[in-house]
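Subject: Structure for your review, with notes on its contacts

Dear colleague,

Please find below the structure that I said I would pass on. My notes follow it, with the cut-offs given where each term comes up.

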There are 2 protein chains.
Amino acid sequence: MKIRSVLSAAVLAVSTVFASTQALAQEKFTLRLAETWGPNFPIFGEATKNMAEMAEKMSDGRLRIRIDSSNKHKAPFGVFDMVKAGQYDMGHSASYYWKGKVPNTLFFTSMPFGMTAQEQYAWFYYGDGMELMQEVYEPHNLMSFPGGNTGIQMGGWFRKEINSVDDLQGLKMRIPGFAGEVFAEVGVSPTNIAPGELYTALERNTIDAVEWVGPALDLRLGFQQIADYYYTGWHEPATELQFLVNKKTWEKLPADLQEILRISMRTAAYDMLIQSQHENAKAWATIKEEHPELQVKQFPEEVFEAMYKANQKLLKEAAEGDELASRIVASQEEYLEKSRAYTDISERAYLNTMAEVE
Amino acid sequence: MKIRSVLSAAVLAVSTVFASTQALAQEKFTLRLAETWGPNFPIFGEATKNMAEMAEKMSDGRLRIRIDSSNKHKAPFGVFDMVKAGQYDMGHSASYYWKGKVPNTLFFTSMPFGMTAQEQYAWFYYGDGMELMQEVYEPHNLMSFPGGNTGIQMGGWFRKEINSVDDLQGLKMRIPGFAGEVFAEVGVSPTNIAPGELYTALERNTIDAVEWVGPALDLRLGFQQIADYYYTGWHEPATELQFLVNKKTWEKLPADLQEILRISMRTAAYDMLIQSQHENAKAWATIKEEHPELQVKQFPEEVFEAMYKANQKLLKEAAEGDELASRIVASQEEYLEKSRAYTDISERAYLNTMAEVE
C-alpha cells in the first residue's frame, strides 16, 4: 500500500512536470484578425485565408488566425483603430485608408505615377520602405507589413472618349483618395458612391466614369455592359494591401511563431500579386470575348502631363513642413528613378519588342 | 531503501516516456543541399541561404539545411544526379541544365519570347505549371520547385552594332542552351567559353559578343569596359532557378516541416526576383554613370522576326513525338497569350505612359 501510494505520487509529480513542459513548448495562440472586406471577397479575402492556412500548417496548429470580415465587426474602416486598441490582434486593409487620421500612412499603398509592384517590393524589402513604414506606425503601437498587391489598377470605365483636358471639365467620376484629388486639380468632379450603386449611377449618367480595380474585380460589377472605353492606369500602379499587427500581440509570440507569422504574411502578399495577374488575365479574356467593341484607351499625352503636374504639386504640399513625409517622398522618388531606368531597358523593352513581333 | 528504489525506478520510467515523446515532437532534421554555384555567388547563392534561414527560424532549429557550394561537391552540373541518387537531399540549380538528360526539363527555366516572371509565376502557381513540372520530375524520384528569378536577362554585350540579319552571319557569341540554338538558326556561331575567360575573349576579338545575365551580375565581369552596345533581352525573359528535393527526404519529414520547407522555398524564390530588381537597378546606375557613352539597343525588327521564326521551328521540333512536351508547349503558349493580352493593357501601357510623360 505504502509503496503503491508513493509510486503513484511520484508518477503524478513527474507527469505534472511533463505536462507543463509540453504546455510551454506547445503553447497555442489564436489571433483575431479584422479585415476591411466582406466575407468571400475575391483575391483580397483569399490573401488573409492563404496567410492563416500557412501559419496554421507551419506551426502544427500552434498559431491560428481567426478572420472576421466586415459583416462581423461592422467597421470596415475601423481596422486601424481596432488593432491599435487591441480589440483585434491583426488587421487586413490598405494603408491609405488612414490618411485622414495619420497623414503619412498615405504613402504605403500606391502613389500616382509611382512604382510598379516589382519596383515597390524592392523598395520595401531592399530599399528603405519597411523602415519608413515602421516609423509611421510605431507611435500607434502597430506593425505594418505588405499585404498583397493588385498589380496596376486600370484608369477606369468611361462612357465618352477623353481627347483633351477640356473633356475632363466637370466630368463626374467615382475615384477616391489622392488620385481623386489629382483628378480634381485638372477639372474632374470626383464623387463618392457606394459600390452597390455604381452600376446604376453609371447607367443613368449620374456619373460619367468610374474607377474600380482591374478586370478581375471590375467584371463582377458589369461596367463593360454600359461603358465603351476602358482607360489604362496611372493613379495606382501597384496597390499594396496591408497587414497590421498589434505590437503587444507580436511580443507575446515566441520567436519561431513570429517568424512563421512574418513569412506567412510575406508569402500571402506575393501570392496575391501573382493571383491578381492570373485572375485579371482570365477576366480580361472574358470581357474581350463578350464585348469585342470595347475600346482600350490611353489618356492623351496632354492629359497625362496635366495630371503629372497636379500630382507633383499635391505631393509637394503633402510633404511640406513634415520632416518624415519629406523623407518618404524623397526616398520613393529616388528609388523610382533608379529602378525605372532599369525597368525601361528590361521589362518595358521586352514587352514592346514582343508587341512588335507578333 | 525499498521505497526509494521503487520511486527512482518510477521516475526513470516516466522520464523515459517523457524523453521519447519530446524526441518525437522535436525530432531534428539536417538536410544537405548541393548548389550549382560557387561559394558566395551573389543573388543566386543568397536565395539558398535565405531559404535555409527561414526554415531554421520557423522550425525553431528542427529543420536545418546545410549548403554545399560547387567548391565542395565539385559537380556544378551533377546536382540533378546527386539529389536523384540521395547523395544530397536537396539541390539548387536551373531546370534547363538537365535537358541533355531529360529533354522535358528544358521548359521550366525560361523560354525565348516567353512569359515574364510575373506571368510565369502565375502559370506555375495558378495555371498548370507546377503539375506539369512535377510530371517531368516524378519518374526521377524528385520534386521540383521554383527557386528564384533573375527577371528579364539582357540580350548581351556586342562590340559592333547589329542592323540586320546579315550582321549576325558568322558572329561568334557566347550564348548557351536553347537560345544559342535559336541564334545558330539565324547565322550566329554560338561558342562556349568558361566564365573566367570571357572578358579576355571579348577583348581580343576571339568572340564578338557575350550574353551573361543582367547588370548586377554582368558588372563584375567588366564587359562595359570593352563593348559599346548593350542589347535588350528576348531569350530568357524570366529565368527561374530551381529547388530540387529528393522524394524520400520529403516523405520522412512531418507535415509541419514539409510546409515550412515548401514556404521557405516559395518565399526565397519570390525574394530573389525582388532582390534582382534591386541589384540590377543599382548596378545599371553605376554602369551608366561610369560609361555614359554605352548604347542600349534593341535588335531591329527584322532580326527579332527571324529569331522568333527560328524559335517557333525549334519549339515544334522539341515537342514533336513527345506527348508530354506537346502538352507543356501548348499550356505555355495558351497561358502566355492570355496573360500577355492583360500585361499589354496594364504593365506595358503604364510603363510607356510614364516614359512619355517624363
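To begin with a charged pair, the side chains of Arg262(A) and Glu259(A) meet in a salt bridge, with N to O at 3.1 Å; the term stands for a side-chain nitrogen of Lys or Arg within 4 Å of a carboxyl oxygen of Asp or Glu. Please bear in mind that this is a predicted model, in which local features need pLDDT of at least 70 and side-chain atom pairs count only at pLDDT 80 or more, while totals for chains, interfaces and linings use all residues. Residues are numbered from 1 along each chain as its sequence is written, chains are lettered from A and ligands numbered from 1 in the order in which they are written, and side-chain values use heavy atoms, with hydrogens and water left out.

**Salt bridges**

Arg262(A) and Glu259(A) are separated by about one helical turn, because they stand 3 residues apart in helix α11 (residues 255-290) of chain A; helices (H or I, at least four residues) and strands (E, at least two) are DSSP runs, numbered from the N terminus. As a general point, an α-helix has 3.6 residues a turn, so residues three or four places apart point the same way. Arg262(A) is partly exposed at 28% relative accessibility, whereas Glu259(A) is buried at 8%, where buried means under 20% relative accessible area, exposed over 50% and partly exposed in between (1.4 Å probe, protein chains only).

In chain B, Arg262(B) forms a salt bridge with Glu259(B), whose closest N and O atoms are 3.1 Å apart; Arg262(B) is partly exposed at 28%, and Glu259(B) is buried at 7%. Salt bridges that share partners also join Glu135(A), Glu323(A) and Arg327(A) into one network.

A further salt bridge, between Glu138(B) and Lys247(B), has an N to O distance of 2.8 Å. Glu138(B) lies in the loop between α6 (129-137) and β4 (142-149) of chain B and Lys247(B) in helix α10 (residues 247-252) of that chain, so the pair ties together parts that are 109 residues apart in sequence. Over all chains, a search of the whole structure finds 34 salt bridges.

**The interface**

How many residues of chain A are in contact with chain B? The count is 79 residues of chain A against 78 residues of chain B, contact being heavy atoms within 4.5 Å. About 7900 Å² is buried between the two chains, with carbon and sulfur atoms giving 67% of that area; buried area here is the accessible area (1.4 Å probe) that two parts lose on being put together, summed over both. In chain A, Gln277(A), Tyr342(A) and Tyr350(A) lose the most area to chain B, together 10% of what that side buries.

Across this interface the rule finds 2 salt bridges. The side chains of Arg266(B) and Asp271(A) meet in a salt bridge at 3.0 Å, N to O. The charged end of Arg266(B) also sits over the ring of Tyr125(B), 3.7 Å from its centre, by the rule that NZ of Lys or CZ of Arg is within 6 Å of the ring centre and within 35 degrees of the ring normal. Tyr125(B) is among the buried residues of α5(B), a helix in which 9 of 9 residues are buried.

**Core and aromatic pairs**

The largest nonpolar core has 135 residues, of which Phe183(A), Phe299(A), Met307(A), Phe183(B), Phe299(B) and Met307(B) touch the most other members; such a core is a set of buried Ala, Val, Leu, Ile, Met, Phe, Trp, Tyr and Cys residues joined through side-chain atoms within 4.5 Å. Helix α13 (residues 323-357) of chain B gives the most to this core, with 10 residues. A second, separate core of 46 residues includes Leu31(A), Phe29(B), Ala55(B) and Met58(B).

Phe113(B) is buried at 3% and Tyr308(B) is buried at 18%. The pair of Trp157(B) and Tyr230(B) is stacked, because the centres are 3.7 Å apart and the planes are at 15 degrees.

With best wishes

Methods:
Phe/Tyr/Trp six-rings, centres within 6.5 Å; stacked < 30°, edge-to-face > 60°.
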